[in-house]
Amino acid sequence: MGVFTYDYESTSPVAPVRLFKAFTIEAAKVWPTAAPNAVKSVEVEANPSSGSIVKINFVEGLPFQYMKHQIGGHDENNFSYSYSLIEGGPLGDKLEKISYENKFEAAASGGSICKSSMKFYTVGDNIITEDEIKALIKGSEGVYKPVEAYLLANPEACN
């Protein structure tokens, strides 16, 4: 097994607290509403806390039917959270899991900077290329961008 780390940063016009809530505490409600062309439902085992499993079910026609995340933890004061993709989605037979550490910080010009550190745990001698990682990031924008647009269009959401 190999471990490949990739750091990624993006900006958003949405405040850190709202993005944090939309991607953690209120994800089960927000994602299917904001991204109905991608997310059918989000099922959370108990409260979204450390160790809990979150199953994201996708609409028909997408490359994946579902994926499961195991929550590592979240810090509401620092707008940071961690989780591992442990089943389904892009894992296939090449990846054992993908672990994420994300943090939303206030941008000087308003909005947020999202800092993400990803660790790709490969099966056997498999490797993952930077192009494959960039394709995975682009795929995740199918949820991220609609959630961002939803928050901009609904200023009362996730406050």
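This is a predicted model: local features need pLDDT of at least 70, side-chain atom pairs count only at pLDDT 80 or more; totals for chains, interfaces and linings use all residues.
Biologist: Which residues of α1 are the buried ones?
Modeller: A residue counts as buried when its relative accessible area is under 20%. By that cut-off, the buried residues of α1 are Pro 16, Arg 18, Leu 19, Phe 20, Lys 21, Ala 22 and Phe 23.

Biologist: How many aromatic pairs does a search of the whole structure find, and what kind of pair do Phe 20 and Tyr 81 form?
Modeller: The search of the whole structure finds eight aromatic pairs. For Phe 20 and Tyr 81, the ring centres are 6.3 Å apart and the planes stand at 65°. Planes over 60 degrees apart count as edge-to-face, and therefore this pair is edge-to-face.

Biologist: Which elements does the pair of Phe 20 and Tyr 81 link, and how many residues apart are the two?
Modeller: Both Phe 20 and Tyr 81 are buried. Phe 20 belongs to helix α1 and Tyr 81 to strand β5 (residues 80–88), so that the pair links distant parts of the chain, and the separation is 61 residues.

Biologist: What kind of pair do the rings of Phe 23 and Phe 104 form?
Modeller: The centres of these two rings lie 6.3 Å apart, with the planes at 35°.

Biologist: Which strand does Phe 23 of helix α1 reach through Phe 104, and are the two residues buried or exposed?
Modeller: The pair ties together parts that are 81 residues apart in sequence, because Phe 23 lies in helix α1 while Phe 104 lies in strand β6 (residues 95–106). Phe 23 has a relative accessible area of 12% and Phe 104 has a relative accessibility of 1%. The strand is therefore β6, and Phe 23 is buried, as Phe 104 is buried.

Biologist: How many disulfides are found, and how far from Cys 114 is the nearest cysteine sulfur?
Modeller: A search of the whole structure finds zero disulfides.

Methods:
Residues are numbered from 1 along each chain as its sequence is written. Side-chain values use heavy atoms; hydrogens and water are left out. Buried means under 20% relative accessible area, exposed over 50%, partly exposed in between (1.4 Å probe, protein chains only). Helices (H or I, at least four residues) and strands (E, at least two) are DSSP runs, numbered from the N terminus. A disulfide is a pair of cysteine sulfur atoms within 2.5 Å. Rings of Phe, Tyr and Trp (its six-membered ring) pair if their centres lie within 6.5 Å; planes under 30 degrees apart count as stacked, over 60 as edge-to-face and the rest as tilted.
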